Amino acid sequence: MPTKPRGRPKAFHDKTDQNTVQALDRALGLLSTLAAHPGLTLSELAETSGQAVATVYRALVTLQWHGMVESEDPAQIWHIGPGAFRIGSAFLRRTKVVERARAAMDGLMRDTGETANLGIEVGDEVLFLSQVETHQAIRAFFPPGTIAPMHVSGIGKALLAWYPTEKVQGILARKGLERFTSLTHTSETALLRDLARTRDRGFAIDDQERAEGMRCVAAPIFNAHCEPIAGLSVSGPAFRMGLSDATRLGTLVRAAADRVTEATGGQQPMT
């Protein structure tokens, strides 16, 4: 009796057009576009995606049926729906880091007076998973789902600093070193020098490298194999977070990250 096929089909690694569902691909593209904007009209979505209005509308109605998008009357502005949140939340359940990091993030916000963030690397970029906002009027804001280039993110540099050399080089080759401010590291030599300093002191500093007037201090969280799997940070305006405060803040962030490492069964690498 023939056995039933299990696991991946033979064409699993074949990503050519013949093995993709075009309508699904376009619908997921619309979801990504909506996620990046506070709301878009049907015509704006069609223009942004390069698809016909009728095609976009059919995809939106299907997504709406599953709660993935919703329409705001009377202007007919489309937004991400609660169904997308429920499915996205399932990703967070794959790891104990988000749950175990919450207390550490609350403590960091209280101790530093600045916003605390948790992020991981996905697709060569930093994906922010959680945030505890400060009550200050002027503050950093990285809502869950925000992505950032690794070379201009405190969490990104904290991860890169403990990644194997070949992995760092691969990320830099694929993503490059885009300039955001006059302080952005746009040469590999400069960035690698910064990563070496990060390892020596135990935490990373984003000194207005992504946004002028904003600083961030971050430290890595490790798994049981001493591999960096996430990063914890505090971020805020440069006028409150001076470079002279970096050592004090870095010590607090590293201690908090180490507590999360321990709470999730991780182990810090030998220095």
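Strands β7 and β8 form a hairpin with five residues between them, and Cys226 in its turn has a positive phi of about 65 degrees. Strands here are DSSP runs of E with at least two residues, helices are runs of H or I with at least four, and both are numbered from the N terminus. Two strands pair if DSSP finds at least two bridges between them. The model is predicted: local features need pLDDT of at least 70, side-chain atom pairs count only at pLDDT 80 or more, and totals for chains, interfaces and linings use all residues. Residues are numbered from 1 along each chain as its sequence is written, and side-chain values use heavy atoms, leaving out hydrogens and water.

- Nine bridges link β7 to the antiparallel strand β8, residues 228-237.
- Ala219 lies opposite Leu232 of β8.
- On β6 (residues 204-207), four bridges connect to β7, again in antiparallel fashion.
- Ile205 has Val217 in β7 as its bridge partner.
- The hairpin of β6 and β7 has six residues between the strands, and Gln208 in the turn has a positive phi of about 60 degrees.

**Strands β1 and β2**

- Strands β1 (residues 69-72) and β2 (residues 77-80) run antiparallel and are joined by four bridges.
- Glu72 is opposite Ile77 in β2.
- Four residues separate β1 and β2 in their hairpin, where Gln76 in the turn has a positive phi of about 55 degrees.

**Helix α1**

- Leu28 belongs to helix α1, residues 22-35.
- Leu28 is partly exposed, at 44% relative accessible area.

Conventions: Buried < 20%, exposed > 50% of the residue type's maximum accessible area, 1.4 Å probe, protein only.
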